[in-house]
Amino acid sequence: MKPSYSIDFSTTQYWLAPLAGWTDLPFRQTVKKFGADLTVSEMVSSNALVHNPKRTVKLFEKSPLEDPYAVQINGNSVDIVTKAVEILNGFDGIDSIDLNAGCPSPKIVRSGSGSALLQDLGLLQEILLTIKKRSNKSMTSVKIRLGFDKKIGVDVAKVCEDSGVDYLVVHGRTKTGGYTSEVDYRAIKEIKSALGIPVIANGDITSFEKAREVLDYTGCDGVMIGRGAMGKPWIFEQLKSGSSVTSPELKRDVIVEHFDNMIQFHGNYGVVMFRKHLHRYSKGYSKATNFRDTINSLEDAKEVRERIYHFFSQ
Ligand SMILES: Cc1cc2nc3c(=O)[nH]c(=O)nc-3n(C[C@H](O)[C@H](O)[C@H](O)COP(=O)(O)O)c2cc1C
């Protein structure tokens with residue numbers, strides 16, 4: 001028998017969203033220290049996992065702090081997804097396999113996965129049933145949008161629930177809405193009312209007040225935060241407590257530790273990968289433009305670390 005829930009849905013959940021290119025182990029580890037209740041790997045292509053497992057496993061390697069932890073996969077073929085799930089079955093410490101049914105990127109949509117599944121609910125159901133049946137993890141989940149170009153959120157969500165998923169995350173936009181159309185919290189509320197399983201609301205939640213408003217309005221079991229956590233891993237403490245003061249010294253120490261973990265995990269290439277984080281972290285600081293220009297020209301980890309410490313000590 002599969003173990004029961006390892007996510008405690010009896011308390012309001014605050015989760016870090018999967019963000020390809022951002023939510024690698026060092027970032028998830030940083031966010032976890034501020035109280036994120038669940039972290040999710042970046043989207044892992046089931047095709048890549050099956051055909052190039054050695055390179056792909058790094059995408060979902062987890063930190064001991066990540067408990068519970070979900071791995072997100074995408075796919076458009078029952079056969080490949082089955083093989084991907086069998087590979088994931090060999091890894092301990094994963095609580096949920098999450099299916100991506102919302103990614104709008106043209107490459108993913110053309111391949112028939114991500115948000116393309118919102119146009120083929122039969123295939124979406126078949127893939128979810130397959131994960132549910134083949135996975136040895138305690139949970140199966142899915143992250144959806146409201147539809148491809150039309151809002152059919154309740155229909156999509158019902159198909160997911162009927163497939164046996166244990167919980168659902170809803171990004172309150174259609175695929176066509178991209179990342180900037182107005183988030184439809186009413187549609188998320190309708191989904192929550194129509195379903196018996198836990199539902200997590202996602203989209204443009206960036207403050208304690210907004211999180212409270214969305215939770216109260218939709219009745220959802222939690223919220224998932226994506227862009228609001230970029231350059232602000234401490235947002236989870238603020239979202240949960242309502243206090244919005246993280247001292248500059250703590251921020252500096254967190255950023256330096258995040259950098260150290262990047263180098264430890266990715267080797268010297270971590271210097272280049274950390275630039276985008278530094279761009280976010282330095283927002284609002286004086287002379288941020290100069291700092292970014294300098295950082296973009298440096299490749300030596302020791303020197304970059306010193307610059308980071310100095311800049312964030314101002
Ligand atoms: C850079 C970037 C990468 C993303 N990667 C993923 C991904 O791998 N899987 C996924 O389900 N959603 C992904 N998303 C969508 C987010 O998880 C989230 O649903 C969306 O950004 C809305 O939430 P937010 O307003 O809190 O950012 C990504 C979004 C961005 C901006």
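**Exercise 1. Which hand does the crossing of H1 and H11 have, and which residues make the contact?**

Step 1. The crossing of H1 and H11 is right-handed; a crossing is called left-handed if the near helix is turned anticlockwise from the far one by less than a right angle, and right-handed if clockwise. Helices here (H or I, at least four residues) and strands (E, at least two) are DSSP runs, numbered from the N terminus.

Step 2. H1 brings Leu25, Pro26, Phe27, Gln29 and Thr30 to the contact, and H11 brings Val254, His258, Asn261, Met262 and Phe265. Two residues are in contact if their C-beta atoms, placed from the backbone, lie within 7 Å.

Step 3. Sorted by class, this contact of H1 with H11 holds six nonpolar, four polar and no charged residues. Ala, Val, Leu, Ile, Met, Phe, Trp, Tyr, Cys and Pro count as nonpolar, Asp, Glu, Lys and Arg as charged, and the others, Gly among them, as polar.

Step 4. Axes are lines fitted to C-alpha atoms, for helices over the stretch in contact, and angles run from 0 to 180 degrees between N-to-C directions.

A word on the model before you go on: it is predicted, so local features need pLDDT of at least 70 and side-chain atom pairs count only at pLDDT 80 or more, while totals for chains, interfaces and linings use all residues. Residues are numbered from 1 along each chain as its sequence is written.

**Exercise 2. Describe the pair H7 and H8 in the same way.**

Step 1. The axes of H7 (residues 153–162) and H8 (residues 185–194) come within 9 Å, crossing at roughly 35 degrees. This crossing of H7 and H8 is right-handed.

Step 2. On H7, Gly153, Val154, Ala157 and Lys158 meet Ala187, Glu190, Ile191 and Ala194 of H8. Their classes are five nonpolar, one polar and two charged.

**Exercise 3. What is the radius of gyration of the chain, and what would a compact globule have?**

Step 1. For 314 residues, a compact globule would have a radius of gyration near 20 Å, and the chain agrees with its 19 Å. The radius is taken over C-alpha atoms, and the globule rule is 2.2 Å times the number of residues to the power 0.38.

Step 2. The chain has 15 helices and nine strands, and its C-alpha trace spans about 55 × 45 × 35 Å along the principal axes.

**Exercise 4. Which residues come nearest to the ligand?**

Step 1. Among the 23 residues around the ligand, Ala17, Ala20, Met43, Gly226 and Arg227 come nearest. A residue is near if its C-beta atom, placed from the backbone, lies within 6 Å of the molecule.

Step 2. The shell divides into ten nonpolar, nine polar and four charged residues.
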